[in-house]
Amino acid sequence: MSTERTIDATKVNPSATAKGDAFVMTSAGGSLKKCDIDAITARLKELGVVSGRNIVKDSHPDKETTEYTLALLEYTEELAVGDIITITLFGELGSQKEYLQAIHNGGDGSRGATRLSKISDGIYRGTMIIHRTDGDGALHIYAVPNAVTSASKVKCVMVERGKTGSLMWTPAPEDVAVRLAKSGGGKIHIPNMLHFSPAICGERSAA
């Protein structure tokens with residue numbers, strides 16, 4: 001059974017008009033129609049809900065697969081040698097699989113790699129250091145070993161800079177912008193995790 005979690009807008013923004021609308025904000029200049037997710041993420045970080053900004057696109061695949069590659073996620077920004085990132089995967093490792101492996105920019109793991117350890121039911125986490133910047137600009141997550149075909153599940157993935165990971169998923173700002181462009185107005189539903197409203201997602205309307 002799926003569940004939905006909605007952040008109380010009044011705790012994120014005191015001017016929010018409704019508890020049920022996660023991030024409804026208005027101003028004297030009119031409704032805010034472009035989502036300032038960086039600001040929202042910063043506020044959620046203050047509240048202890050998330051640790052930082054999600055830096056991969058399409059991070060809510062919500063799928064079950066027997067394939068070796070569980071997720072292939074494009075970064076939203078460039079990473080430098082020495083950068084540290086923390087990956088939190090919400091899902092389930094296949095019953096005959098041994099572990100989840102995350103590799104930076106593909107290849108044999110020499111650019112950066114880490115195992116994702118189970119920290120609680122349905123949550124796996126690992127931290128890696130970036131060693132090289134060449135490659136395909138994506139995070140690869142594998143269900144190891146390749147020869148075993150039991151199905152693994154991935155609901156969503158949170159990738160953050162630093163050594164601290166979140167226990168809650170939020171989309172990358174770039175993904176929210178794409179959803180807004182396609183929505184044509186109304187509330188954007190981020191499945192099973194958060195609701196975002198175009199009331200804060202778009203250009204500020206004229207006064």
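Lys57 counts as partly exposed at 26% relative accessibility, where partly exposed lies between buried (under 20% relative accessible area) and exposed (over 50%), computed with a 1.4 Å probe on protein chains only. This is a predicted model in which local features need pLDDT of at least 70 and side-chain atom pairs count only at pLDDT 80 or more, while totals for chains, interfaces and linings use all residues. Residues are numbered from 1 along each chain as its sequence is written, and side-chain values use heavy atoms, with hydrogens and water left out.

The side chain of Lys57 meets that of Glu74 in a salt bridge of 3.6 Å, N to O; the term denotes a side-chain nitrogen of Lys or Arg within 4 Å of a carboxyl oxygen of Asp or Glu. This pair links distant parts of the chain, 17 residues apart, with Glu74 in strand 4 and Lys57 in the loop between helix 2 and strand 3. Helices (H or I, at least four residues) and strands (E, at least two) are DSSP runs, numbered from the N terminus. Glu74 is itself partly exposed, at 45% relative accessibility.

Side chains of opposite charge can pair when their charged atoms come close. A search of the whole structure finds nine salt bridges. One of them joins the side chains of Glu77 and Arg53, at 3.4 Å from N to O. Because Glu77 lies in the loop between strand 4 and strand 5 and Arg53 in the loop between helix 2 (37-46) and strand 3 (63-65), the pair ties together parts that are 24 residues apart in sequence. Both partners are partly exposed, Glu77 with a relative accessible area of 28% and Arg53 at 21%. A further salt bridge connects Lys118 and Asp121, whose closest N and O atoms are 3.7 Å apart. Lys118 is partly exposed at 46%, whereas Asp121 is exposed at 73%. Salt bridges that share partners also join Arg53, Glu77, Asp83 and Arg161 into one network.

Glu74 leads on to the strand pairing, since this residue stands opposite Ala138 in strand 9. Strand 4 (residues 69-74) and strand 9 run antiparallel and are joined by five bridges; two strands pair if DSSP finds at least two bridges between them. Strand 6 (residues 99-104) also runs antiparallel to strand 9, with six bridges, and Ile103 has His140 as its bridge partner there.

In a regular strand the side chains alternate between the two faces of the sheet. In strand 9, Ala138, His140, Tyr142 and Val144 point one way, Leu139, Ile141 and Ala143 point the other way, and all are buried. Strand 9 (residues 138-144) is accordingly mostly covered, with seven of its seven residues buried.

Thr86, in strand 5 (residues 84-92), is buried at 0% relative accessibility. Its side chain makes a polar contact of 3.0 Å with that of Thr127. A polar contact is a pair of N or O atoms within 3.5 Å; within protein, one must be able to donate a hydrogen and the other to accept it, and residues adjacent in sequence count only if both atoms are side-chain atoms. The side chain of Thr86 also reaches the backbone oxygen of Gly162 at 2.6 Å. Leaving aside neighbours within four places in sequence, the residues in contact with Thr86 (heavy atoms within 4.5 Å) include Arg125, Met158, Glu160 and Lys163.

Met168, in the loop between strand 10 (152-161) and helix 3 (173-183), is buried with a relative accessible area of 3%.
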